[in-house]
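Biologist: Could you put the model up, so that we can go through it together?
Modeller: Here it comes.

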Amino acid sequence: MTVRTVFDRAGHIRDEPGILDSLRTSDDAQVVVVREGRARVEDDALLTVAPSEVGEAEWGLLGRREDGTIVLVAAAASLTDSIDAAPAETWMGLRDIGGLLDAENTEMLVAAVTLASWLRDARFCTMCGSESELRQGGWSRRCAQCALDLFPRTDPAVIVAVESEDGERLLLGANANWHGRMYSCFAGFVEAGESLESTVHREIEEEAGVLLHSVRYISSQPWPYPRSLMIGFRATASEERDARADGEEIIDVRWFTREEIASALAGDGPVGLPGPASIARALIVDWYESK
């Protein structure tokens, strides 16, 4: 699964003096307004507005669209009535709309939600607690007291599609939060001092009780809840152990045949699968279409 970046983050202009102030008064710039991890969507595309239409917010330079339009992000606590009352649009997050947006709009939404979260939540220095100054068009901060440079965090997590030795079955688990209604790939955060490969082996043994071999990277996906990077793998389960759920985070594990996965992808059961915006579904589809 090869993904090409189509949205230009315009890193080459972030250090221009007064870039945010200049763009906020520009007639040519557009703004993606984010509130509580959601943005306005209209006709399967992000709705952007003029900077003058946005009320109180934290601002950042999001990037440049393929047509050359500069796009800002406004992390808003509240919106002006003219935007909030617009009847044709709805506020949506990545889970709601991600699978329906084109590549450029998807990248914009993920970047906007992630940066907006950091802009609102990271105003104070993690070292001394002093207020920090915004820099690089909203992509960094510097503490006014101790000069510590601060940047948006990314928390790496692995997600793994586990197949049988013969490649004809896929092992999926039901998370306790889903109450058995959906099965998905196994996932977990990378711990301090841990490699991605070590995390893959540890998480699958903890959650499903199986040992792995032939671990291979497939693709990754930024997942702004609030700042994760999901790193996708496929791996083969050893026949040394039977799969079993940990009983806490994972309440059930099942081996699915290709026929069962085909039926589930079509929405006909036997279980629900993750939505089209998620890398979990992409990994399942990648396995299903690999033979």
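This is a predicted model: local features need pLDDT of at least 70, side-chain atom pairs count only at pLDDT 80 or more; totals for chains, interfaces and linings use all residues.

Biologist: OK, so which residues of α7 are buried?
Modeller: They are I279, A280, R281, L283, I284, D286 and W287, that is, seven of the 10 residues in this mostly covered helix, which spans 279–288. Buried means under 20% relative accessible area, exposed over 50%, and partly exposed in between, with a 1.4 Å probe and protein chains only.

Biologist: Switching to rings, how many aromatic pairs turn up?
Modeller: Three are found in a search of the whole structure; rings of Phe, Tyr and Trp (its six-membered ring) pair if their centres lie within 6.5 Å, and planes under 30 degrees apart count as stacked, over 60 as edge-to-face and the rest as tilted. One of them is the edge-to-face pair of Y183 and F256, at 5.5 Å centre to centre and 75° between the planes.

Biologist: Why does that pair tie together parts that are apart in sequence?
Modeller: Y183 lies in the loop between β11 (169–175) and β12 (186–189), whereas F256 belongs to strand β15 (residues 250–257), so the pair links parts that are 73 residues apart in sequence. Both Y183 and F256 are buried.

Biologist: And how do W223 and Y225 pair up?
Modeller: Their pair is tilted, with 5.1 Å centre to centre and 55° between the planes. W223 counts as buried at 14% relative accessibility, while Y225, at 33%, counts as partly exposed. The peptide bond from Y225 to P226 is cis, with omega near -5°, and P226 sits in the loop between β13 and β14.

Biologist: Where is the largest pocket lined, and how much space lies in it?
Modeller: About 820 Å³ of space lies in the largest pocket, and of its 34 lining residues the closest to the centre are R95, W178, A187, W223 and M230. Elements giving two or more residues to the lining are α3 (94–97), β10, β11, β12, β13, β14 and α7, and β12 gives the most, with four. On a 1 Å grid over the protein atoms alone, a pocket is an open set of points where a 1.4 Å probe fits, with protein on both sides within 12 Å along at least five of seven lines, and lining residues have an atom within 4 Å of a point. Its volume is the space filled by probe spheres set on the points, which are joined across faces, edges and corners.

Biologist: Last one: is E36 buried or exposed?
Modeller: E36 counts as exposed, at 77% relative accessibility. This residue is found in the loop between β1 (30–35) and β2 (38–42), and its phi is near 55°, a positive value in a residue other than glycine.

Methods:
Residues are numbered from 1 along each chain as its sequence is written. Side-chain values use heavy atoms; hydrogens and water are left out.
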